[in-house]
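Me: Let us go through this model by its labels. I will ask what each label rests on, and I want values set against cut-offs.

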Amino acid sequence: MKIHDWHTGPYPARVRIALAEKGLQSRVTFVSVSLRKGEHKRPEFLAKNYSGTLPVLELDDGTFIAECTAITEYLDALEGLPTLTGTTPLEKGVIHMMNRRAELEVLDAISVYFHHATPGLGPDVEIYQNAEWGLRQRDKAMRGMCYFDEVLRRQPFVAGEAFSMADITLFGGLIFAELVKLPVPSECDALRAWYARMQERPSVRNRLTMSDPVKAQV
Ligand code: GTS
């Protein structure tokens, strides 16, 4: 399998963390796609992913799977523990809901803020910007962080008692927040404590070095 991604990207981080959690790193090689050069908007990349976003999983039979949630679901179904997307119908439903909520309320909102209300990936890539929309999404993300703080006051992980895909997605949101210098509100201590705990996970710590070619071939 191949992963087309950009090693420091918050969305790519989601798949890298999922791979490491499942112990599947040795089964993939990484292909670097430069966001700053706009390589993800070129026809040859759009043929792999119509949406022009990273990451994309390429299977050995030539199938391309885009969207972090879909890629994580695929990897989770392969083998290994922990289960990231739930086992019972209840777990699956709650994890999917909280994962989507982490996207809608934090990660995707920060992404819109980045692309619309900051220079984003630069003038060659950001061909349409709407700063007002971007700033509204920034405010939405800040409210979203407060929501997740409340959730994490009641339970240790985003979807309940166990680590899941929803934790990985919210973590991606906070990586993005750091990149664009949006601080987690100081009163959100449960969210801050959870973030610190997430950073201690080996899958999180090793995500940037995973694409080292030597490691990729192990
Ligand atoms: N819904 C998609 C998913 O879940 O995979 C979003 C993917 C996404 O936005 N990826 C970013 C991207 O391609 C990568 S990164 O910003 O995290 O590095 N952004 C470039 C763009 O032009 O939108």
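Reply: Start with the term for secondary structure. A helix here is a DSSP run of H or I with at least four residues, and a strand is a run of E with at least two, numbered from the N terminus.

Me: How many helices and strands does the protein chain have, and in what order do they run?
Reply: The protein chain has 9 helices and 4 strands. From the N terminus, the order is β-α-β-α-β-β-α-α-α-α-α-α-α.

Me: What makes the protein chain as compact as a globular protein of its length?
Reply: The radius of gyration is 17 Å, and the globule rule gives 17 Å for 218 residues. The two values are close, so the chain is as compact as a globular protein of that length. Its C-alpha atoms fill a box of roughly 45 × 45 × 30 Å along the principal axes.

Me: What share of contacts joins residues at least 24 apart?
Reply: The share is 67%, among contacts between residues at least 6 apart in sequence.

Me: Why is Asp5 called buried?
Reply: Buried means under 20% relative accessible area. Asp5 has 2%, so it counts as buried. Asp5 is part of strand β1 (residues 2-5). Beyond four places in sequence, its contacts include Pro12, Arg16, Phe30, Leu54 and Pro55. Leu54 is 49 residues away along the chain, yet the C-alpha atoms of Asp5 and Leu54 are separated by 5.3 Å.

Me: What kind of peptide bond joins Leu54 and Pro55, and what is its omega?
Reply: The bond is cis, with omega about 0°. Leu81 and Pro82 are also joined by a cis bond, with omega about 5°. Pro82 lies in the loop between α3 (68-78) and α4.

Me: Why is Glu105 called partly exposed?
Reply: The class sits between buried, under 20%, and exposed, over 50%. Glu105 has 28%, so it is partly exposed. Glu105 sits in helix α4 (residues 89-117). Leaving out residues up to four places away, it touches Lys140, Ala141, Gly144 and Phe148. Ile95 is 10 residues from Glu105 in sequence and 15 Å away, C-alpha to C-alpha.

Me: What class does Glu67 fall into, and why?
Reply: Its relative accessible area is 47%, so Glu67 is partly exposed. Glu67 is in the loop between β4 (64-66) and α3. Its phi is near 80°, a positive value in a residue other than glycine.

Me: Why is Lys181 called exposed?
Reply: Exposed means over 50%. Lys181 has 69%, so it counts as exposed. Lys181 lies in the loop between α6 (165-179) and α7 (189-199). It has a positive phi of about 60°, although it is not a glycine.

Me: How many positive and negative side chains are there, and how far apart are their centres?
Reply: The protein chain has 26 positive and 28 negative side chains. The centres of the two sets lie 2 Å apart.

Me: Where does pLDDT stay under 50?
Reply: Over residues 214-218, for which the model has 7 contacts beyond four places in sequence. Where pLDDT is low, predicted coordinates should not be read in detail. The protein chain averages a pLDDT of 95, and 97% of the residues score at least 70.

Technical notes:
Residues numbered from 1 in each chain as written. Heavy atoms only, no water. Rg over C-alpha atoms; globule rule 2.2 N^0.38 Å. Contact = heavy atoms within 4.5 Å. Lys, Arg positive; Asp, Glu negative; His and termini not counted. Charge placed at Lys NZ, Arg CZ, Asp CG, Glu CD. pLDDT = per-residue confidence, 0-100. Buried < 20%, exposed > 50% of the residue type's maximum accessible area, 1.4 Å probe, protein only.
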